[in-house]
Amino acid sequence: MDGGELTATLEEAGLSPYQADAFVTLLELGSASATDVAQASSVPDPRIYDVLRGLEEKGYVETYEQDSLHARANDPADVLADLRARADRLQTAAEEIEDRWSRPDLEEHRVSIVKRLDTVLARADELIRAADNQVQVGLTPAQFDELADALETARENGVNVKVSLFPELDSEPELPSTDALARTCAEARYRTLPAPFVALIDRSWTCFAPHGDSTNQYGVIVNDRTLAYVVHWYFLSCLWEVHETIYTDRREEPPITYVDLRRCLRDVEPLLADGVTIRTTVRGYDTDTGREVTRTGTITDVSYIDDLDDSKANATTESITLLQLSGKASLTIETDDGEVTVGGWGAMLEDIEAIEIVITALE
């Protein structure tokens, strides 16, 4: 680094141009009178005394009288410590700026559009770790590896996690091991075609980003139940319903837990037709008050409207399709306090919007 570069750097460190020039000159001269420093630098004679005293106040030089004012550079230890501390602060500031740019605080925003997939994944990681009830996520095996720790944390917290895996464009992925899936989700499926990244958390948060080869690179992070419900149906129809199950921890015997009323309805309808008594505990929200409630009783009926035939309700089929459940779908439970109707995500007509249904006994 030449003298000019050193002078410019000292200016960036907080010295004035004259102070930086005078200090570099003193480093070269060692010790000199104020007049000699002025002559060897660009500092005007009338300013040299104020400049040297300013440097002394900052700890860069020491002045002394010897017929006239003289100055010499101080032991550089303190100066070096100050410069290095400034460098550390600048480095820390640079890292903080980068972090705040790539991971903005989105808590107060209902909709945030970001530029980088990394930002979407980082926010999804935070939301998954903080989840209370349910996570649905569609992602590549590489993205699964990035979020595996967060998904495992969610599972340890009792959250129901569904994972849909799909490949990147023109690649054969190595799917996670059964052990890895067992630690991170309740069920996993595999779609053979690429798809966008999507994560749904607690029926409220949606994180979305196009697949890596999309011409438009962006991400969307939304805190809105209505949009989450729309994306939930995309997840069911495009990433879940028809694809191969590669892992499940679902039990065949009670207790059997559901976070999706329509999945529960499919399973219990044939049992009701066979005369099985189905005991259940439902946790959800009272649709009138919004308060969380828990009801225990016996499932006595299922109801759904087949969109292919609006007159069809309370029908019995060998296999109910997702299309048949795309409209109104509910369970009726007989409790000690009377009959209660239970709907799924977004329920408005029923008494309860279920967030968890547990089949406790089959008799």
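The following paragraphs lead through the fold of this protein, from its overall composition to single residues.

The structure is a predicted model, in which local features need pLDDT of at least 70, side-chain atom pairs count only at pLDDT 80 or more, and totals for chains, interfaces and linings use all residues. Residues are numbered from 1 along each chain as its sequence is written, and side-chain values use heavy atoms, with hydrogens and water left out.

The protein has ten helices and 17 strands; helices (H or I, at least four residues) and strands (E, at least two) are DSSP runs, numbered from the N terminus. Of its 363 residues, 44% count as buried, where buried means under 20% relative accessible area, exposed over 50%, and partly exposed in between (1.4 Å probe, protein chains only). The accessible surface comes to about 19100 Å², and carbon and sulfur atoms hold 47% of this area; the areas come from the Shrake-Rupley method with a 1.4 Å probe, and for residues only the protein chains shown count as cover. Among the contacts with a separation of 6 or more, 64% are between residues 24 or more positions apart, a contact being heavy atoms within 4.5 Å.

A pair of aromatic rings is described by the distance of the centres and the angle of the planes. Rings of Phe, Tyr and Trp (its six-membered ring) pair if their centres lie within 6.5 Å; planes under 30 degrees apart count as stacked, over 60 as edge-to-face and the rest as tilted. By this rule the protein has five aromatic pairs. In one of them, the ring centres of Phe208 and Tyr218 are 6.4 Å apart and the planes stand at 45 degrees, so the pair is tilted. Because Phe208 lies in strand β9 (residues 205-209) and Tyr218 in the loop between β9 and β10 (219-223), the pair ties together parts that are ten residues apart in sequence. Phe208, at 26% relative accessibility, is partly exposed, and Tyr218 is likewise partly exposed at 32%.

A further pair, Tyr229 with Trp345, is edge-to-face, with 6.0 Å from centre to centre and 70 degrees between the planes. This pair links distant parts of the chain, 116 residues apart: Tyr229 belongs to helix α9 (residues 225-240), and Trp345 to the loop between β16 (338-343) and β17 (352-362). Tyr229 is partly exposed at 25% relative accessibility, whereas Trp345 is buried at 7%. Ring pairs also join Tyr229, Trp233 and Trp345 into a cluster.

The charged end of Arg72 lies 5.0 Å from the ring centre of Tyr64, and that of Arg250 lies 4.6 Å from the ring centre of Tyr258.

Beyond its neighbours within four places in sequence, Thr332 is in contact with Thr298, Ile299, Thr300, Asp301, Glu339, Val340 and Thr341.

The backbone remains to be considered. Most residues other than glycine have a negative phi, and most peptide bonds are trans. Pro254 and Pro255, however, are joined by a cis peptide bond with omega of about 0 degrees, and Pro255 lies in the loop between β11 and β12 (256-258). In the loop between β8 and β9, Asp202 has a positive phi near 55 degrees. Arg203, also in the loop between β8 and β9, has a positive phi near 60 degrees and is buried, with a relative accessible area of 7%.

Terms used
A charge sits over a ring if NZ of Lys or CZ of Arg is within 6 Å of the ring centre and within 35 degrees of the ring normal.
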